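Dear colleague,

Here is the structure I promised to pass on to you.

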Amino acid sequence: MIKFIKKYKKILFFSLFVILILIVFLINYSLMSIQSSTSINVPYIWSDSISVKKDFLKWIDFNVSIEALNATYKLDVNSYNSDFHYNWIELLALLACKYGNNFDRFKQKDLDQFAKKIKDSGSVQEVAKDMKYYDYYYEAYSAILREFLGLREDETYGMKVFLPIAKNYSFSHYKDFGTSRSYGFSRTHLGNDLMGSIGTPIIAVETGTVFHLGWNQYGGWRIGIRSLDGQRYYYYAHLRKDHPYVPELKEGVTVEAGDVIGYLGMTGYSIKENVNNINVPHLHFGMQVIFDESQIDNSKEIWIDVYNIVEFLKKNRSSVYMSNKETKDYSRVE
Ligand SMILES: [Zn+2]
């Protein structure tokens, strides 16, 4: 045996070396495919071939005002066909740096100045080069708003997301993020309540896959939809007793932005299924941002304040009609 090793020493060492290289390559490749399959653009720090440390955002305070959302949206959409197309997410990240995340300070004049600077210097990187938190805000806002604007099915550029309440149905809401809730253990409110009439068709805000469907003690009949890039989870809760969803909805099914998914109701706050235990009929609408799978189903979840997002979404509402007189189900007007 020793003789054998001595004789083929070089070949053995060479083979071992090749196997080692292959192992390192395979580990790196599988990690890269995990990263690309979730399309999460977070910085990854490669320590060595075996252990990998990930660096991802742990929290976002989404404070962008409706005025700033509207103004940057206008600049982005209106410049789409011009010689310089502004990116509203970049503009919002610059403003967040300037205001220290206090968007009460927003002034159109500041936005115009940033727009001019970007155009003059030719790149946002040049304008942001001394801003310590630019990358943080850019990454945070991209995670939230990435799919809000873009090319739509009819090849026009604009808003791709919809208000969760169907067109021509009234609703009201107020700033209720983070307020305390009495039912069950002490917890804060991680969404926005949209008060409306029972049966109001509920619309998918963004295209995604149905992740959760069914009864939940707090949310009652609820739908959880995860965006196709995996980074946003939309939560629609307290849906109608007896008939909460459109019949074609199942876990794993893809729904398009603007599709009818269910109906407003007052279910929830009960361990027993199909119970109306909410006082005022409303849709609880929530948005969770996910940078890493470790941020699901635990205290590390990032829920953002969607009040201003709901205000912003009022620009794009889905028209619906009763498509099945027997079941009284609704569909979007195509
Ligand atoms: Zn709520």
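I begin with Ile-89, which is found in helix H4, where helices (DSSP runs of H or I, at least four residues) and strands (runs of E, at least two) are numbered from the N terminus. Please note that this is a predicted model, in which local features need pLDDT of at least 70 and side-chain atom pairs count only at pLDDT 80 or more, while totals for chains, interfaces and linings use all residues. Residues are numbered from 1 along each chain as its sequence is written.

Ile-89 counts as buried because it has 23 C-beta neighbours inside 10 Å; a residue is buried if 20 or more other C-beta atoms lie within 10 Å of its own, exposed if 12 or fewer, and partly exposed in between, with C-beta atoms placed from the backbone. Leaving aside residues up to four places away in sequence, Ile-89 touches Tyr-138, Tyr-141, Ser-142 and Leu-145, a contact being two C-beta atoms, placed from the backbone, within 7 Å. Ile-89 and Tyr-137 are 48 residues apart in sequence, and their C-alpha atoms are 8.8 Å apart in space.

The largest nonpolar core has 75 residues, and those with the most contacts inside it include Leu-92, Ala-93 and Tyr-141; such a core is a set of buried Ala, Val, Leu, Ile, Met, Phe, Trp, Tyr and Cys residues joined through C-beta atoms within 7 Å. Helix H4 (residues 88-99) gives the most to this core, with 9 residues. Domain 2 (66-159) and domain 3 (180-332) both give residues to the core, so it lies between them; the domain bounds come from an automatic or database domain assignment.

H4 also packs with helix H3 (residues 66-78), at an angle of about 140° and with the axes 9 Å apart, where axes are lines fitted to C-alpha atoms, for helices over the stretch in contact, and angles run from 0 to 180 degrees between N-to-C directions. That makes H3 oblique to H4, since angles under 35 degrees count as roughly parallel, over 145 as roughly antiparallel, 65 to 115 as roughly perpendicular and the rest as oblique. Among the residues that make this contact are Ala-68 and Tyr-73 of H3 and Trp-88 and Leu-92 of H4.

The axes of H4 and helix H5 (residues 108-121) come within 10 Å and cross at roughly 120°, and these two helices are therefore oblique to each other. Here Leu-91, Leu-94, Leu-95 and Lys-98 in H4 meet Asp-110, Leu-111 and Phe-114 in H5.

With best wishes
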